Amino acid sequence: MKLEYPMRLQAYLAKSGCGSRRSCETLITSGRVKVNTRVVTELGTKVDKDDAVMLDDQPVEPSEQSYYFALNKPKGYVCANYDPFNKLYARDLIDIPDRSLLFHVGRLDKDSIGLILFTNDGQLANAVMHPSHEIEKEYIVQTDRPVDKRDLAEMHRGIYLEDSRSPYKIKSYSQVFNRVIRVVLTEGKNREIRKLFDYFGYEVKQLQRIRIGQIELGELKLGQYRRLEQWEVQSLYKEVSDESRD
C-alpha cells in the first residue's frame, strides 16, 4: 500500500500495526500517543513523513507493504497483542519479520479454535469488523448434549440478554449431528454463541470458526497460517463496498 502524506494520525497508527483504525482512535483520545514529543488527543490531527510518532513512548512507523494472513488458532491462545494474564499470543504463531505490525480482524476467545485473520490494513479490518457490513462468520459448535431444534429456532429469532440492548441471534444454522451444529453469524457480539447456548442450558464443548466471508479454514492445521490469495482479499473488499450492498 502506498503511503500518502499528510495522513490522519489514526490511519498512521493503524498502518503501523497498532490496531484497527477505530481502536487507534481510542489510543489517541486516551492520551497514549505523542507526535514530536507532544501528547496529541485530537482525532483530526495529521502527520507528515518526517514527524516522529510514539505510542506509550515507543516509536511507531507504518509499512508500505500490506499483509493478509489466515491463522488456525489453537485453544489457549489469545487474540490480544498484550495481556498480562496470558503468555500465548495468536499473533506470535505468524513467523515473519514484520509480525509486530499485524493485528487481528475480530477475535476468537481463548477457548475457541479456528480461523482468525491478521493484517496491517486498518481500513479493511475496520470494515470487516463493523456490524453494518454483515460479513458472515461460520462456526461449528459441539455441545454436551443433543440440541433441541426449537431452541435453535429461538436463537434464530433472537434472544434479549441482560448485557445488550439488541438481541443475540444467529443468521442461520444446520444440525450436522444431534450435538454438532453449524452456525452463521453476521454481527458477532462478545461470546455471542456461547451466551446463546448457555441461555438454553447447553455447555459448548468446542467452538471452531471455519469461515469469514468467502475465506475458508480449509485444510489449514491448528497453529498453521497462510497468506491470503489476492482474490480472497478482493472478496473482502467487495463485501464491504457500497456496490456489494446496493
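**Exercise 1. Are Asp109 and Arg194 buried or exposed? Then find what joins them.**

Step 1. Asp109 and Arg194 are both buried. Buried means under 20% relative accessible area, exposed means over 50%, and partly exposed lies in between (1.4 Å probe, protein chains only).

Step 2. Keep the source in mind. This is a predicted model, in which local features need pLDDT of at least 70 and side-chain atom pairs count only at pLDDT 80 or more, while totals for chains, interfaces and linings use all residues. Residues are numbered from 1 along each chain as its sequence is written, and side-chain values use heavy atoms, with hydrogens and water left out.

Step 3. Asp109 and Arg194 form a salt bridge, with 3.0 Å between the closest N and O atoms. A salt bridge is a side-chain nitrogen of Lys or Arg within 4 Å of a carboxyl oxygen of Asp or Glu.

Step 4. Asp109 sits in the loop between β8 (103-105) and β9 (113-119), and Arg194 in helix α5 (residues 192-199), so the pair ties together parts that are 85 residues apart in sequence. Helices (H or I, at least four residues) and strands (E, at least two) are DSSP runs, numbered from the N terminus.

**Exercise 2. Trace the salt bridges of Glu138 to Arg182 and Arg211.**

Step 1. Start with Arg182. Its salt bridge to Glu138 has its closest N and O atoms 3.0 Å apart. Arg182 belongs to strand β12 (residues 180-185) and Glu138 to strand β10 (residues 137-143), so this pair ties together parts that are 44 residues apart in sequence.

Step 2. Arg182 is partly exposed, at 33% relative accessible area. Glu138 is buried, at 10%.

Step 3. Turn to Arg211. Its side chain meets that of Glu138 in a salt bridge (2.6 Å, N to O). This pair links distant parts of the chain, from Glu138 in strand β10 to Arg211 in strand β13 (residues 204-212), 73 residues apart. Arg211 is buried, with a relative accessible area of 14%.

Step 4. Widen the view. A network of salt bridges links Glu136, Glu138, Lys171, Arg182 and Arg211. The whole structure holds 13 salt bridges.

**Exercise 3. What is the strand order of the open sheet of 4 strands?**

Step 1. The order is β3-β2-β5-β6, with antiparallel pairing. Two strands pair if DSSP finds at least two bridges between them.

Step 2. Find the edges. They are β3 (38-39) and β6 (58-59), each pairing on one side only.

Step 3. Take one pair. Strand β2 (residues 33-35) runs antiparallel to β3 over 2 bridges. Lys34 has Val39 in β3 as its bridge partner.

**Exercise 4. Which residues line the largest cavity?**

Step 1. Set the rule. On a 1 Å grid over the protein atoms alone, a cavity is a set of points where a 1.4 Å probe fits but cannot get out; lining residues have an atom within 4 Å of a point.

Step 2. List the lining: Tyr68, Val105, Leu117, Phe118, Thr119, Leu124, Val128, Leu228 and Leu236.

Step 3. Assign elements. β9 and α3 (122-129) each give two or more residues to this lining. The largest share, 3 residues, comes from β9.

Step 4. Sort by class. The lining has 8 nonpolar, 1 polar and no charged residues. Ala, Val, Leu, Ile, Met, Phe, Trp, Tyr, Cys and Pro count as nonpolar, Asp, Glu, Lys and Arg as charged, and the others, Gly among them, as polar.

Methods:
1 Å grid on protein atoms, 1.4 Å probe; cavity = no way out; pocket = protein on both sides within 12 Å on 5 of 7 lines; lining within 4 Å.
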